[in-house]
Amino acid sequence: MVPLVILVALPFNGLNGFLLDLLYFTFTYAAMSVGWNIIGGYTGYISLANLGFFGLGSYVAGLMLTHLGWPILLTSPLVGLLCALVAAAVGWVALRTRGPSFVIVTLAFTFIVQFLALNLKDITGGSAGLYLPLLSLDPLLRGDLFYYYMLGVLVLSIAVAIGIRRSRFGLGLIAIREDEGKAEGSGINTSLFKIVAFMISAWFAAVAGAVHAQYLNYIDPDLAFELIIMLNMIVMTLLGSRGTVWGPVLGAFLLFPLQSYLVYWLPSTIAGEVHLALLGVVLVLVARFMPNGLLVTAQELISRRPPPRLETVAVASGEPAQGRVRRNG
Amino acid sequence: MRNFRFAKVPIALTVLALTVASCGLGSSSGTPTNNKDIIVGISEPLTGDKSDIGTNSDNGYKVWESVVNSNGGINGRKVKIIQYDNNSLADTAVSQYQKLVTVDNADVLLGPVSSALVIPTEAVAAQYNKIFVEGTGGSPQVFARNFNNVFFVQPATVEHQADPLVSWIKSLPADQRPTVAGYPTNDDPFAQAVIDTVRAAFEGMGIKTGYKQTYPPTQTDFTAIGTQMKAAKVDILVQGSVADQDAAGAVKGYSQVGFQPKVAYFASGPDSASTWLQLLDKKAEATMTSLDWLQESTVPGNKEFVDAYLKLFPNKDNVVPAEAAEAYAAGEVLAAAIKATGGVDNAKLITWLHANKVQSVEGNFGWDAAGRPQGGTFDMIQWQSGKLVIAWPADVATNGTKPVIPKPSW
Amino acid sequence: MLLIQGLVLGILVGGMYALMASGLTLIFGVMRLINIAHAAVIIFASYLSWQLFIGLGVDPLLSIVILVVVFFIAGALLQKFVLSALIDKDLSLALLATLGVANVLEGSEGAFWTSSFHSINTGYAARTYQFGEIFVPEIRIITFAASVILLAGLYVLLTHSNLGRAIRATTQNRGVAQLVGVNVNRITMIAFGIGIAVAAAAGPLMGMYYPFYPNSHWGWIGKLMAIVVLGGLGSFRGTLLAALILGIAEQVAILYIPANWAAMVFFVFLFAVLIVRPQGFFGHVARESL
């Protein structure tokens, strides 16, 4: 609980606008990563759609504000719900099968949503984007508002992740990741479980997108679907430890501030030039050499136990753990 | 929770480190010890998608800083630019302007290139009531929220870029005018704004719309579009292109399918002096666009700017990019306001600029309440015999030349 | 008339699409892996070809020879040192590794060549041939011809060589292939290298055709995935057929609907296939995991 207390108290010590902004984004990434982890980590299905939901959430929230006058900070949970319903439809197409079609469909989904944002000009404003009215607040108060809002969303995401992990639902997801055939055989409704996991992850991405739109007071098809957001979500989760509750949070808290400060620490344009390539290299290296992530690897080192390869259902239920060949993409 | 224990320490440490670092950052990076200097804060895309125009703009700002300081500064105070690279990402740009205002204590702000970056960052400046002068973000969205702290330094807003084309066509005798127009447009707000204005004017003049379609920014293959325009008997092409790439690709495509309009106007493309000729060679002849600034222009202060730029950033073609001029002009406007009001009180600067006109390398004009320029006009330029000349309006045409029509086959 | 023009252009562009996508389906066949970096490899090869052209005057068609060798080696090394360990352990990690590679390539391109558009403009690719009302640009004929030659070479390799037989056996059933004596690990490495090499071969061709910039691979990977799914994951024949069909569909669509919507043709087909017949035209490979 200690870090939570620190985070809640920090603004009262007079965090300036810059740090409020930095932490706002860190919380956003952490919440999105925890959400992504539910489908990507627990269930083992790599989703490239969360960016699409982030952008979709931005636009849906933005349009509700400009057409209906509903404030985004109030409607974001509803926006999340609407996007989760879209996720259910997408999931129905992609998750009925076990194969690589999920990755392909989720990537296609993100592109399609961006395309629609760009081309349904009468609704979305096209590439001109949508500008949103500013919340007329003192800048420091405004910074505080977004800070606490996203901190709240982050806490919620962690609570949800913990809740899932302790439930039969969570055990079912992990079983699907370990061996979907066996999970199916033991009576788990794998399609339903997968779709629900996907919907939950979409909810968090959409809420983050909605709040982001209000934060920038502007949405356009480029910044609502900025690919580096998706890359960051995935790297943060993997680096932190996918399949764990706190891994993605750790990944976000390490990687986001690092990326932000790199531009101030390195000379001239080096940070910008290597930014993307460096993230890519980190992803490859982590996947190859530390696939369990920092949290789990650290736990193993500290307790000097043989690696349990994340948490397998077998271990949880007392059977000896066995290596299984996974064929899901 | 087993793994919470292990996460708690790193997360807490990171948070603590952030707080400590923020104190360090505030005092060490870039804040000058001499508090007589005027600190100007800028965040530009020096890397990423917009790095080319971002670097040009940044160079322009550097030239301005150098010229101002070599002339003794403003009111005796030197200008010091603190500039960060935002990697062409809007979120990063917003974060950097937050830092410039709340940590680096910038006195005044200059904006980044491109409307897409200006729109989110002008809002940050507005929250802190800081003046925000910028030279490239001219799309209507920039002004839609009526921020009074924003000032766009070009002779006119984007929609009016092609006004000279309209006035030229109007000046032609009715039997020489084109009769059918084609409007292929990049899906970009700047391009669309320009083309929509022209189309409205032409339709009012009786020029039929033979083709009107939007193409995606990634479109590179224009043969099908050329075929359609040819079939529609389009004789004046008004293309809403965004860069020399789509414009030049279009010319090549049209040439390959035999689409030969009498007039070929591009919202953007023919203005990139060296690359346009390189890409198209003879096909460039008689192509047209409009510019807010031309390197050879004799506007007051321009020669000094061009010379200073080529000295600081020499290149083998001796070309000064337009974004550099726009940035330089933004600096000039800011400097004029600081000089006139005697200080860096942002509220006073804002009021002064709304009430006055300023002469810069972009022209002589003032602003309305939302920051749109008032009282200036673009120049229509055309490639004639391998050279870029101002062809219209007649009073600023290079050596009194007239626009060439019909365009030779490309 | 307009329709025939669209058909002709569609076939010509379809040939190049087939070349671009064939490596992707080959890789999926032997590794069951969707190579997210595939289009990024193509673009990177375009950049290298551009550099060779501008710097050393090497004709892009000639550069194909150099690039194929270089990228085969690079691909095989990537497979050997990074991907092979991941394929057996956890396929999703291999997928993420390819995502990482795509971004490394994109980031490097931005650092070395900046973000401006590049295209390979050889003097000879500027003419247009006219057949009655149909205009056929020379560059499209050249890239089509080159694609056909390369695809034919790949086809012969796959069907008439021992290596090809081994690859096909590994694709159909890895376990059985191993039982009959195929060194599946080595074959996988070679096949991945070939897949990457074929992608690299498409680079200079694409570079002569369309301008490219670091981010452009994202626009391509979606199309390539649609092609391989429509054809059936892992099926070479399927990819050829699907590429032609989608190329024609795209070029004809441009004539009747706004140009920007024509790009959606690929995704329409993708979703239709996944809903109606997920294994695509000839996908025996995909069927087993569905």
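Two residues are taken to be in contact if their C-beta atoms, placed from the backbone, lie within 7 Å. By this criterion, the contact between chain A and chain C draws 39 residues from chain A and 41 residues from chain C.

This is a predicted model, in which local features need pLDDT of at least 70, side-chain atom pairs count only at pLDDT 80 or more, and totals for chains, interfaces and linings use all residues. Residues are numbered from 1 along each chain as its sequence is written, while chains are lettered from A and ligands numbered from 1 in the order in which they are written.

Helices (H or I, at least four residues) and strands (E, at least two) are DSSP runs, numbered from the N terminus. On the side of chain A that touches chain C, H5 (101–119), H11 (227–240) and H13 (270–289) each supply at least two residues; H13(A) gives the most, with 12 residues.

Residue classes are as follows: Ala, Val, Leu, Ile, Met, Phe, Trp, Tyr, Cys and Pro count as nonpolar, Asp, Glu, Lys and Arg as charged, and the others, Gly among them, as polar.

| Contact set | Nonpolar | Polar | Charged |
|---|---|---|---|
| Side of chain A that touches chain C | 25 nonpolar residues | 9 polar residues | 5 charged residues |

Within chain C, helix H3 (residues 60–89) packs on helix H4 (residues 91–113) at an angle of about 145 degrees, with axes 6 Å apart. Axes are lines fitted to C-alpha atoms, for helices over the stretch in contact, and angles run from 0 to 180 degrees between N-to-C directions. Among the residues making this contact are C:Leu83 and C:Leu86 of H3(C) and C:Leu93 and C:Ala97 of H4(C).

For chain B, the mean pLDDT (the predictor's confidence in each residue, from 0 to 100) is 88.
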